[in-house]
Amino acid sequence: MASFVALLRGIAPSQPNQTNDKLRAVFVRLGLDGVASVLSSGNILFRSDEPDATLLEARIEAALQQDLGIGGATLLRELAELRALLDSDPFEGLTHGPQTYLTVTFLKDRTLVPSGWPEPAEPGSRVIGYHPSAHAVLAVFDNTAGTPGFMSWLERTYGKGITTRSWLTVQRIVRRLES
C-alpha cells in the first residue's frame, strides 16, 4: 500500500465546502485508508493500493466536484517522490524566511519537463531548478512585497495545472506521511 498526498489547487478554508473535515470525508467515501490533513490548504494524506496514480487523481477530482463542487486540479505525489526531493536538499544553504521564501510548485502534467525557463520578472525571485522525481519547479522569492506577481508568473509559465507549497509545508507533509 502506497502513501500519498493529494495537493489540491485553489483551496480556501474559509469556503464552507473546502474545510478539512469535508475534504477528508470525500477521501474516506472513496475507500482510501489513513486519511488525514496537513494544515488547511488542501493537503490530504492517504494510503491506497491503486497502482495507477493518474486514475486515482481523476477519481478524486470527480468526487470533489460531485460532493463539494470543487473543480480545481488534484496533484498526487507518493511519499517516495517527496522523500527523494527532500533528500536532494535543493535549497542547500538557504533558510526559509520573509526574504528567502522557498517554494515548490508541483506540475500536474508529468510530460512537461521544464528547461531553460524564463526568470520571473519580479525582483528578488529566482528559479532554483526542477526536481524530476517530485515533478516540481523550485524557486525562491522575496515575500516581503507579497506573492501575487510571482504566483501569476508561475501560472503564465506552467499553466493552471500547478499548485505551490512552501518548503516548510513539504517537509511537514513528508514527516506526517512517514509517521
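D89 has 38% relative accessibility, so it counts as partly exposed; here buried means under 20% relative accessible area, exposed means over 50%, and partly exposed is in between, with a 1.4 Å probe and protein chains only. D89 sits in the loop between α3 and β5, and its phi is near 45°, a positive value in a residue other than glycine. Before going on, a note on the basis: this is a predicted model, where local features need pLDDT of at least 70 and side-chain atom pairs count only at pLDDT 80 or more, while totals for chains, interfaces and linings use all residues. Residues are numbered from 1 along each chain as its sequence is written, and side-chain values use heavy atoms, with hydrogens and water left out.

**The open sheet**

Helices and strands are DSSP runs numbered from the N terminus (helices are H or I with at least four residues, strands are E with at least two). Two strands pair if DSSP finds at least two bridges between them. With that in hand, four strands make up an open sheet in the order β6-β7-β5-β8, with antiparallel pairing. The edges are β6 (126-131) and β8 (162-166); each has a single partner strand, so one side of each is left without a neighbour in the sheet. On average, neighbouring strands of this sheet are turned by 25° against each other, direction ignored. Those angles come from axes, which are lines fitted to C-alpha atoms (for helices, over the stretch in contact); angles run from 0 to 180 degrees between N-to-C directions.

Y130 has V137 as its bridge partner in β7. The loop between β6 and β7 is where H135 is found, and H135 also has a positive phi, near 50°, in a residue other than glycine. At 2% relative accessibility, H135 counts as buried. Leaving aside neighbours within four places in sequence, H135 is in contact (heavy atoms within 4.5 Å) with R77, T105, F106, L107, D109, R110, L112 and Y130.

| Strand pair | Sense | Bridges | Example partners |
|---|---|---|---|
| β1 and β4 | antiparallel | five bridges | V5 and R77 |
| β2 and β3 | antiparallel | three bridges | D33 and R47 |

So how enclosed are β4 and β3 by the rest of the structure? For β4 (residues 74-78), four of the five residues are buried, so the strand is largely enclosed by the rest of the structure. For β3, five of the six residues are buried, so β3 is largely enclosed too. The hairpin of β2 and β3 has five residues between the strands, and L39 takes a positive phi there, near 60°.

**Helix α5**

Helix α5 (residues 167-178) lies across β5 (101-107) and β8, running at about 85° to β8.

The buried residues in α5 are W167, T169, V170, I173, V174 and L177. They cover an arc of only 160° around the axis, which puts them on the same side of α5; the arc is that of the directions from the helix axis to the C-beta atoms. The cover over these buried residues includes β1 (2-8), β3 (43-48), α3 (79-87), β5 and β8.

**Aromatic pairs**

Rings of Phe, Tyr and Trp (its six-membered ring) pair if their centres lie within 6.5 Å; planes under 30 degrees apart count as stacked, over 60 as edge-to-face and the rest as tilted. By this rule the count is four aromatic pairs. One of them is F27 with F46, a tilted pair at 5.5 Å centre to centre and 50° between the planes. It links distant parts of the chain, with F27 in helix α1 (residues 20-29) and F46 in strand β3, 19 residues apart. Both F27 and F46 are buried.

Another pair is F91 with W167, which is edge-to-face at 5.1 Å centre to centre and 70° between the planes. This one also links distant parts of the chain: F91 is in the loop between α3 and β5, W167 is in helix α5, and they are 76 residues apart. F91 counts as buried at 2% relative accessibility, and W167 counts as buried at 7%. Finally, F4, F27 and F46 form one aromatic cluster.
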